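Student: I have just opened this structure for the first time. Could you walk me through it?

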Amino acid sequence: MKLPGEDENRPMGASVVNMTIGIFIFMLLLLYVILKINKNDNRGSEYVRNAMQQQQQDTVEEITKDTGLESSSGLRAEDLGFWDMYPEKDEDTDKVETVTSNKESDDKKWLEDFKVEETVQEDPATDGKHTLVKLPDGTEEWVLISPYLKKSAYDFSNLTETAGLKKYTEGGKKISQIGVDISKHNGTVNFERLKSDGIDYVMIRLGARGYSTGQISLDDNFVENMDAAVKAELNIGVYFYSQAINQEEAIQEAYFVIQNLEPYRAHINFPVAFYMENITNDKARIDGLSRSDKTLITATFLEAIKAAGYIPMVYGNKEWLIKNVDLTKLQNYDVWLSQDGDTPDYPYLYTMWQYTTTGNVNGITGDASINICFVNYSDR
């Protein structure tokens, strides 16, 4: 649809030609302007680079002046590595990886060395904080030494032995006494010969409670041994083998001991010892007792003995004393240690040491259990 007065067949006039020429001229001008701008940009970029290099050179001169470096050293902006801060990937990637790998290797080696050093420091065999205990089943265990118990302070360089009998001196003076412990298993003992052989005291078994029956009985040779020891004028102590399973039985055992000691009260000048141990290869009454139970039973017996006017003592080997009772609750009582060997490694204080059960002394036929006592109880 045409607007009024519009003619489709009208020929192209001069105005159209003029418009085409004008557009062409405009495009030429626009192209010129673009080329001009690009040229100026290149000059500007070169100016910026020159300015940055000049600034770096000024920085170098300032650093040289501040640090006292000679200007003749030839230090330039390029020497500071401003343009080489980040290495090209193809050239330096391997170097970066190598440095990282070396660092990881060094860290790993340091950690391994630290672990080795830490292991050495914590080795219970060398740290001085543990003691080795041999358990009834034959295995061994390193046990931490309690800081709350008095430690053994004996200097075993002062310990000498002659014909199987040990002697301990301090300042060149003998302070120890030698003894044997005796029961019906030793048969008939010649106490006069014991004394002439250098024995100072005897620890005589008074009696025992059966580990299966629970029956208390007097040692078959108790009266005979006591009378002979009194006659030989030896220092005398006794011990009782316990299988008590509660405090009531512990008191019963203590009263049994006190009653049978009464005729010999004036001659008992060494301790009355409590002896309990585990039974191997058989069931025993005390098998179900806890460490706390055994400690309470021990303390109950010893307190009753102390109340009767005797010196209480607990007997045991290293494993029993460390693993089976709580010594922190038995510190008021002297310890009779049983440990075969030249010197004991039991860490805590003890006053009597049974150092062999296969000794040889005049007056006892067969093996003899020999002891050394570091305290002369007869002087108390």
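Student: Which residues touch the most other members of the largest nonpolar core?
Tutor: A nonpolar core is a set of buried Ala, Val, Leu, Ile, Met, Phe, Trp, Tyr and Cys residues joined through side-chain atoms within 4.5 Å. Buried means under 20% relative accessible area, exposed over 50%, partly exposed in between (1.4 Å probe, protein chains only). Of the 70 residues in this core, the two asked for are Leu-194 and Val-202.

Student: How many residues does the other core have?
Tutor: That core lies apart from the largest one and includes Met-203, Ala-273, Ile-279 and Tyr-315. Its residue count is 16.

Tutor: Keep in mind that this model is predicted: local features need pLDDT of at least 70, side-chain atom pairs count only at pLDDT 80 or more, and totals for chains, interfaces and linings use all residues. Residues are numbered from 1 along each chain as its sequence is written, and side-chain values use heavy atoms, leaving out hydrogens and water.

Student: What is the bridge partner of Leu-159 in β4?
Tutor: Strands are DSSP runs (E, at least two residues), numbered from the N terminus, and two pair if DSSP finds at least two bridges between them. Here 4 bridges join β3 (residues 159-162) to β4 (residues 165-170), and the two run antiparallel. For Leu-159, the partner in β4 is Tyr-168.

Student: Is Lys-166 buried or exposed?
Tutor: Lys-166 sits in strand β4. Its relative accessible area is 6%, so Lys-166 is buried.

Student: Which side chain does Lys-166 join through a polar contact of 2.7 Å?
Tutor: A polar contact is a pair of N or O atoms within 3.5 Å; within protein, one must be able to donate a hydrogen and the other to accept it, and residues adjacent in sequence count only if both atoms are side-chain atoms. At 2.7 Å, the side chain joined to that of Lys-166 belongs to Glu-161.
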